[in-house]
Amino acid sequence: MRLRFAAAVVAVMTAWPTGVRAEGPGARVKQADRPGAVAGAESFDSAKTYFDRARKLGFPAAGSGAPYVLRAEFTTRGSSGVVQTGTYTDTWVSDTQWRREAVFGKGRFVRSRNGKKRYRLVEGPDADVLQFVLTAMEPIPATDRFAESDWRIKRDVAGGVATIRVATGHENPDGTPNPKDFNAYWFDETGQLVRTYLNELQSRRSNFEDFNGMSMARRVEVLLAGKVGMRIDVTELGPAGPVDAGMFTIKRHNWSRQYTTEVR
């Protein structure tokens, strides 16, 4: 399911006409040992620790702060072949009451939660692209449904920045990732997520700004074969104000979070 989803997004993005060349997910560097560590046997934190720390550092839905609304615009090519601009809205009241919605052309993709119930609504021909927008905005995998032993951790360099890479899947003998079976996340020295590689699609996160004690990426660029195929810019991020609780329930669209790596 995940590979079919990624392939569908790649098929749309491949024809992006004005992509900007960009460096890959990170040049390989020799692993360095921490002071006092045995040569060749550096001790890293667990994958879960890196994921949970980054979620708390840069994603307001992971916190316990005041309700917020985040709005963003994204530009990419849809199934019609035309480059268009879509919108993304994240309305968060609490961990058990939130709604995320991406709209593009005649389609939309919505996930929400109200209490113990979750909902999902899919409309239009670009559902895979819209679902990926939600993934790109919150790419860190859930840590309650994965095996720690699946992840490999090493030092790396991404965009000239020293990072810790947490990866799973297969890499080719020359060290390049197998695009059909490789996922990786790069964290800077503060623990902030700065890059991802998710089944051939890379993303880089930039323009970090403070919000409620966190450092939020205001721009997310999605790359395919080194070219930008989607650009997401946060246009508004602030207190939610009065919220109609009815927006969190989508009748006849109940959804169960089974076998998914996404938290929301």
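**View 1. Salt bridges across the predicted model.** A search of the whole structure finds 19 salt bridges. The model is predicted. Side chains of opposite charge can pair when their charged atoms come close.

View 2. Salt bridges link Arg99, Glu101, Arg108 and Glu123 in a network. Within it, Arg108 pairs with Glu101, and their closest N and O atoms are 3.4 Å apart. Glu101 is buried, at 17% relative accessible area, while Arg108 is partly exposed, at 25%.

**View 3. The salt bridge between Glu171 and Arg152.** The two side chains meet at 3.1 Å, N to O. Glu171 belongs to strand β7 (residues 161-171) and Arg152 to strand β6 (residues 152-158), so this pair ties together parts that are 19 residues apart in sequence. Glu171 is partly exposed, with 28% relative accessible area. Arg152 is also partly exposed, with 33%.

**View 4. The salt bridge between Arg145 and Asp144.** The distance from N to O in this pair is 4.0 Å. Asp144 counts as exposed, at 53% relative accessibility. Arg145 has a relative accessible area of 46% and is partly exposed, because exposed means over 50%.

**View 5. The largest nonpolar core.** This core has 28 residues, and Leu70 and Ile232 have the most contacts inside it. Two or more residues come from each of β1 (68-77), β2 (83-94), β3 (97-104), α3 (127-137), β10 (201-211), β11 (214-224) and β12 (227-239). Helix α3 gives the largest share, seven residues. In soluble globular proteins, nonpolar side chains tend to be buried together.

**View 6. The surroundings of Leu70.** Leaving aside residues up to four places away in sequence, Leu70 touches Tyr88, Thr89, Asp90, Met137, Met216, Val234, Glu236 and Leu237.

**View 7. Asn199, a residue with positive phi.** Asn199 is in the loop between β9 (193-198) and β10. Its phi is near 50°, a positive value in a residue other than glycine. Asn199 is buried, with a relative accessible area of 5%.

**View 8. Arg252, with positive phi in an exposed place.** Phi of Arg252 is near 65°, again positive in a residue other than glycine. Arg252 lies in the segment after β12 and counts as exposed, at 77% relative accessibility.

Methods:
Residues are numbered from 1 along each chain as its sequence is written. This is a predicted model: local features need pLDDT of at least 70, side-chain atom pairs count only at pLDDT 80 or more; totals for chains, interfaces and linings use all residues. Side-chain values use heavy atoms; hydrogens and water are left out. A nonpolar core is a set of buried Ala, Val, Leu, Ile, Met, Phe, Trp, Tyr and Cys residues joined through side-chain atoms within 4.5 Å. Buried means under 20% relative accessible area, exposed over 50%, partly exposed in between (1.4 Å probe, protein chains only). Helices (H or I, at least four residues) and strands (E, at least two) are DSSP runs, numbered from the N terminus. Contact means heavy atoms within 4.5 Å.
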